Amino acid sequence: MTENTALRVARPAARTENGRRLHGHLKSRLQKGLVYGAAAITFAVLLFLVAYILVNGIPQLKPSLFSWTYTSENVSMVPAIITTVEMTFLALLIAVPLGLSTAIYLNEYATRGNRLVNIIRITTETLSGIPSIVYGLFGMLFFVTALHWGYSMLSGAVTLAIMILPLVMRTAEEALMAVPDTFREGSFGLGAGRLRTVFRIVLPAAMPGILSGVILGIGRIVGETAALIFTAGTMAQIPGLLQSGRTLAIHMYVLSGEGLHMNEAYATAVVLLVVVLLMNLLSALVARRLTKQ
Amino acid sequence: MHGVFFACALASILAVALICVFLFANGVPAMREIGLLDFLLGTKWSPTNVPPSFGILPMILGSVYITAGAILVGVPIGLLTAIFMAFYCPKRMYGVLKPCTELLAGIPSIVYGFFGMVVIVPLIRWFGSRDVTGLGGSGSSILAASILLGIMILPTIIGVSEAALRAVPGSYYEGAVALGASHERAVFAVMLPAAKSGVLAAVVLGIGRAIGETMAVIMVAGNQARLTGNILKGIRTMTANIVMEMGYATDLHREALIATGVVLFVFILLINLSFSVLKRRKNT
């Protein structure tokens, strides 16, 4: 009898202790489940998106889509592809020297804690937060209207160059920072000047990092729409410097907006997606070479 | 050469200055002409009526609703995925999954928009149809835009919060485990609170991305300039307003669109400011 009461007294305490442990265990289980579930959702969405576009788009890649000139019948994407290449080249021509020079100035020339350096950092941070539509508006107001360049490749390219400037600059700066100071000291010790050190020693060592940033920039340019509609326009032609042209992304926007050419829009989506996939892969490979060194 | 590098370094300052000057110089006169309060708080947008009415409150609220929806969708999933990447993912798997999140960031917004248009919108139309819930709606809606933008801000949320979680000293985790905490308890009760300001910075950055997104939103949000709280109905954001009408707008209408851009720009500047404040707090 006494044993029994003792048990009876002990039991509720044991139960809550057990219960708490069980509760904690359940909570852990739940948290673990949520973490795995969320990760599964994220990567399932990515996989589904890529697979959906590829599966629906690849059958739409017909030879007529790749004829040399655009007509409203064949809806060829060749002019758009050439425009995209042209646009990428032009924008990089402006953004890479500017971004690289800025990075070199910040990392190799400026004294740390310089007031101007802080201002440059704040402005680049601001630039990287500005949405592409605002760049598009600015490009329209400044390059198209104020400078009278009209809807043209030039207006579009300069707008895009400003847009990817922070990306190019930041990756270049990180790459330069990663070059050990002993490289520079060695070079100075051998009697080289600062400029020679930068170009012969620091830049080659930082090249993979710089390149991977540039490749990411290419990805941004290829996929950009909002910044180009009101700067480069939407003409489907192979454009000169001061003519309007539509890149692949804009081509796709126009097609899907009309609603008449959904199949062609799928096909364009495939081409865009493959280009972006390749760029990401390339950037990752180049960056991996950097970490191996 | 020092001078050349220096001059190039000034380019970003020049760019920001030019952007501010040109946007404000072209947008502010319209605000003055319409009246700042009528412009910001006016509920009627009918630029081609006689007399025209330029109230952008529906668009401001549209941007706010859709951004809030995107945060509701994107932050829990993104944050939990970041926790997975930082504390659960096996190393070999990480080498595959990390580039995947970067790919998610690299996919052009037009492709996201197209995906939303052909997958998410029909799904929501089906959900609202008479056979299922009978709630109605064409599918192009606040909900569709929120889900799509929630997906689009995932890489931002994952990247920034993963970095924040990894910046927490490992001794915190070891201490928690040494006191008898399980892996989950150590992660959720110790590591996550320690990374709080970084996670908040990720959310703010996500808000910036979502509010500035244009093309994807246009393709799924329906774009009706109206006040509605019904998530199955279409709505128009500030970004959509600019792109949809800039092509044919003239005179005051055009200036009102640029002024819409100015409002958006001010929103973005405020968001950027709070982001850098948060980042600075994290560093100290």
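**Confidence first, then the packing**

Modeller: In this predicted model, pLDDT (the predictor's confidence in each residue, from 0 to 100) stays under 50 over residues 1-10 of chain A. For that stretch the model has 0 contacts beyond four places in sequence; two residues are in contact if their C-beta atoms, placed from the backbone, lie within 7 Å. Where pLDDT is low, the predicted coordinates should not be read in detail. Chain A as a whole averages a pLDDT of 86, and 92% of the residues score at least 70.

Some conventions come next. Residues are numbered from 1 along each chain as its sequence is written, while chains are lettered from A and ligands numbered from 1 in the order in which they are written. Local features need pLDDT of at least 70 and side-chain atom pairs count only at pLDDT 80 or more, but totals for chains, interfaces and linings use all residues.

Chain A is divided into domain 1 (2-60) and domain 2 (64-292), with bounds that come from an automatic or database domain assignment. The centres of domain 1 and domain 2 of chain A, taken over C-alpha atoms, are separated by 44 Å. Between them, 7 residues of domain 1 of chain A are in contact with 7 residues of domain 2 of chain A.

Now the packing. A nonpolar core is a set of buried Ala, Val, Leu, Ile, Met, Phe, Trp, Tyr and Cys residues joined through C-beta atoms within 7 Å. A residue is buried if 20 or more other C-beta atoms lie within 10 Å of its own, exposed if 12 or fewer, and partly exposed in between, with C-beta atoms placed from the backbone. The largest nonpolar core has 181 residues, of which Leu272(A), Leu148(B) and Val220(B) touch the most other members. Helix 5 (residues 153-178) of chain A gives the most to this core, 16 residues; helices (H or I, at least four residues) and strands (E, at least two) are DSSP runs, numbered from the N terminus. Both domain 1 (2-60) and domain 2 (64-292) of chain A give residues to this core, so it lies between them.

Leu148(B) is one of the buried residues of helix 7 of chain B. All 11 of the 11 residues of helix 7 (residues 142-152) of chain B are buried, so this helix is largely enclosed by the rest of the structure. Leaving aside neighbours within four places in sequence, Leu148(B) is in contact with Tyr112(B), Gly116(B), Ile120(B), Ala216(B) and Val220(B). Across chain B, 51% of the 284 residues count as buried, and the secondary structure comes to 14 helices and 2 strands.

Ala9(B), in helix 1 (residues 2-9) of chain B, is buried, with 24 other C-beta atoms within 10 Å. Beyond four places in sequence, Ala9(B) is in contact with Ser101(A), Thr102(A), Tyr105(A), Leu106(A) and Ile120(A). Between the chains, 62 residues of chain A are in contact with 62 residues of chain B. Helix 1 (residues 2-57) of chain A provides the largest share of chain A's side, 16 residues.

Leu285(A) sits in helix 10 (residues 262-292) of chain A. Leu285(A) counts as partly exposed because it has 13 C-beta neighbours inside 10 Å. Its C-alpha atom is separated by 8.4 Å from that of Ser212(A), 73 residues apart along the chain.
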